[in-house]
Amino acid sequence: MKQNYRNSFLLALGSNASDDALNNEVILKAAVTQINQSGLTIERISGIWRTPAFPAGAGPDFANACALATGDLSAAQVLDVLHRIEAEMGRTREKRWGQRVIDLDLLAAGDLVLPDVVTQRHWQELPLEAQMRVAPEQLILPHPRLQDRAFVLLPLCEVAPDWRHPLLGQSVSEMCAALDPGEVAALRAMSAKP
């Protein structure tokens, strides 16, 4: 039976706080606890994956996971909750794509496209050099690069394989199948669910 994603939020969790992979895993588990105490309920969560930092040299390997959450919140409220949890856990935003204690991303809210199709596509098609320098000042949904990232799609496939990108028309499973095999090979399953 297919999942109805209408009132669901897809989340990505990551930490590369230290070279100690187990420490990063503990941080993800703490974030899951805080998310569940914030007005959201994690319905499904992936296992934890060890992934190289991007760009190369940006810090230790990440511990990454994805979750399917529900709650009576708007997408903007969910983003506020995630940013609050990040701040409480010690996240600072000094350098784009730098080492971080915790990284909580709202990947999608059902089939919502925010703020509009044109803006979403602009961020989706932004060249890598520009992505490294600028960040959107507004909520962009779905996350404009989720379809390109093995470290998002592999764990996301564990929790929402049949969720369809509202602009690309592809399911998470289909996007996973289209990934570069070299990127997929760089990821390692670390442990069971946090």
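Guide: Let's begin with a definition: a residue is buried under 20% relative accessible area, exposed over 50%, and partly exposed in between. Keep in mind that this is a predicted model.

Visitor: Thanks! How does glutamate 174 count by relative accessibility?

Guide: Its relative accessibility is 36%, so glutamate 174 counts as partly exposed.

Visitor: Which residue does glutamate 174 form a salt bridge with?

Guide: Its partner is arginine 164, and the closest N and O atoms are 3.1 Å apart. This pair links distant parts of the chain: glutamate 174 sits in helix H6 (residues 172–177), while arginine 164 is in the loop between helix H5 (150–159) and H6, 10 residues apart. Arginine 164 has 40% relative accessibility, so it also counts as partly exposed.

Visitor: How many salt bridges does the structure hold?

Guide: There are four. Another one joins arginine 50 and aspartate 61, whose closest N and O atoms lie 3.1 Å apart. Here, too, distant parts of the chain are linked: arginine 50 belongs to strand S3 (residues 48–51), and aspartate 61 to the loop between S3 and strand S4 (62–70), 11 residues apart. Arginine 50 is partly exposed at 33% relative accessibility, and aspartate 61 is partly exposed with a relative accessible area of 31%.

Visitor: What about a salt bridge inside a helix?

Guide: A helix follows a simple rule. An α-helix has 3.6 residues a turn, so residues three or four places apart point the same way. Now look at lysine 29 and glutamate 25, whose side chains meet in a salt bridge at 3.5 Å, N to O. The two are four residues apart in helix H1 (residues 21–36), so about one helical turn separates them.

Visitor: Is glutamate 25 buried or exposed?

Guide: Glutamate 25 is buried, with a relative accessible area of 8%.

Methods
Residues numbered from 1 in each chain as written. Predicted model: local features only at pLDDT ≥ 70, side-chain atom pairs only at ≥ 80, totals over all residues. Heavy atoms only, no water. Buried < 20%, exposed > 50% of the residue type's maximum accessible area, 1.4 Å probe, protein only.
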